[in-house]
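Subject: Structure handover and notes

Dear colleague,

Please find below the structure that I promised to pass on to you. My notes on what was found in it follow directly after.

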Amino acid sequence: MPDIETDDTKLSRRDVFGLGSAALAAATIAMVGERTADAQQPASHTAPNEINPGQVNGPLAAENPDSEWSPSTDSGTVKPFKYSFALSHKRVENGGWTRQVTARELPISTTIAGVEMRLTAGGVRELHWHVEAEWAIMLYGSARITAVDQEGRSFVNDVNKGDLWLFPPGVPHSIQGLGPDGCKFLLVFDDGNFDEFHTFLITDWLAHTPKEVLAKNLDVPPSTFDKVPKKELFIFQTGLPGDLKTEQAQAAQGTGTVPKTFDFKASTMKPTKVTRGGEVKIIDSKIFPVTPISAAIVTLKPGGLRELHWHPNADEWQYYITGKGRMTVFAAGSTARTMDFEEGDVGYIPISNPHYIENTGDSDLVFLEMFRTSEYQDISLAEWMAHTPHLLMNQHLDVGMSVLDNIPKGEVVIRPV
Ligand code: MN
Ligand code: MN
């Protein structure tokens, strides 16, 4: 990663210590070189006021070089906008595990919460529902998902790596891992205070309803319910589901299937935009009609940049799928902060706060941009510069008229073009 500090900045830091010009020259020479992973003593930070003599969490500092020694353009107090699933409590059950990053873990993330879940082959996330909409992406393996809508219409299908689903608010559903090794997926909810451990579970509900009422409700003897679990199942191990077509037909008897499908095959979708720097797939209600949550699946090649931009209609919640990157968020009032991200990390940007994401690793960086809005929207710096009178823009930035004339007229999204 290039060190973006200016010489002026370096000199002013040393001036504090009253170094003579010869010492200053020597110090400046010593500073030349790339920043290293050794956060305790990076080659570029050797002045007395930049040495950290102790109490260094080396591995964590090495994973967060832009927090340990930030770019000199960072300034002021910006609320932390990163949390890692690696720090979340994992609830482990027979049949799988789950953990979450919500507004409790990352207070800035008020509009969206995320859940990682692993289900074994045959492992079931119990039949349940919640107030919030549930958007999901399969990260590994396969699952069978089921749901029933407000007209009693059914949805049953199998989803594979890269596929999405959306369960509307209040719609009851289930997820079950398939062979050979179950699955792992990410769930995204349209409320930062969502709690995966506080959903409406079918066993929990029935265990808290008088048996005589259940009997009257289904016109059967009360003993019918003797084996209903006394405590929620939540995630449990059982056998694999039956034949897909048979189960679909059984569930659809009398009412049919949901009119708009709850799943979306994002893995086979043509990218919305492809450049030399990478590609993006934008999935909102224009192509996935049931979703109130929009998504961009971004792939940045090494050195690629998700260009400077903001979103005028929603906060952005991010999940890093693979690779390494960094993001600077400018929070107005001369405040800005850069943080580093890698797989399993969550990022968050408040509405209309500008930001970029840069691939700082040597492999592809893949991440999700998620929004609590059915319509994806963004505004880029380059678009703004290209479509403002160039004289006026140049009077602000003094970059030269030819630079402004040469900015692509269409939005680029990912650099280099
Ligand atoms: Mn759910
Ligand atoms: Mn963004």
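A salt bridge is taken here as a side-chain nitrogen of Lys or Arg within 4 Å of a carboxyl oxygen of Asp or Glu. This is a predicted model, in which local features need pLDDT of at least 70 and side-chain atom pairs count only at pLDDT 80 or more, while totals for chains, interfaces and linings use all residues. Residues are numbered from 1 along each chain as its sequence is written, chains are lettered from A and ligands numbered from 1 in the order in which they are written, and side-chain values use heavy atoms, with hydrogens and water left out.

Let me begin with the metal sites. Donors are N, O and S atoms within 2.8 Å of the metal (3.2 Å for Na, K and Ca), and since water is not among the atoms, sites may look incomplete. The manganese ion that is ligand 1 is coordinated by His128 (NE2), His130 (NE2), Glu134 (OE) and His173 (NE2), at 2.0 to 2.2 Å, and along the chain these donors follow the spacing H-x1-H-x3-E-x38-H. His128 belongs to strand β5 (residues 123-129) and His173 to strand β9 (residues 173-177), so the pair ties together parts that are 45 residues apart in sequence; helices (H or I, at least four residues) and strands (E, at least two) are DSSP runs, numbered from the N terminus. Buried means under 20% relative accessible area, exposed over 50%, and partly exposed in between (1.4 Å probe, protein chains only). His128 counts as buried at 2% relative accessibility, and His173 counts as buried at 0%.

His311, in the loop between β17 (305-310) and β18, and His355, in strand β22 (residues 355-359), link distant parts of the chain that are 44 residues apart. His311 is buried at 1% relative accessibility, and His355 is buried with a relative accessible area of 1%.

Glu316 deserves a separate note. This residue lies in strand β18 (residues 316-322) and is buried yet has no salt bridge, the nearest side chain of opposite charge being that of Arg306, 6.2 Å away; in this count Lys and Arg are positive and Asp and Glu negative, whereas His and the chain ends are not counted. The side chain of Glu316 does make polar contacts with the side chains of His311 (2.7 Å) and Gln318 (2.9 Å). A polar contact is a pair of N or O atoms within 3.5 Å, where within protein one must be able to donate a hydrogen and the other to accept it, and residues adjacent in sequence count only if both atoms are side-chain atoms.

As for charged pairs, the structure holds 20 salt bridges. One of them joins the side chains of Asp226 and Lys211 (2.9 Å, N to O). Asp226 lies in the loop between α6 and β12 (235-237) and Lys211 in helix α6, so the pair ties together parts that are 15 residues apart in sequence. Asp226 is partly exposed at 42%, and Lys211 is partly exposed at 34%.

Arg306 forms a salt bridge with Asp378, the closest N and O atoms being 3.1 Å apart. Asp378 sits in the loop between β23 (365-371) and β24 (379-380) and Arg306 in strand β17, 72 residues apart, so to speak of the pair is to speak of a link between distant parts of the chain. Both Asp378 and Arg306 are buried.
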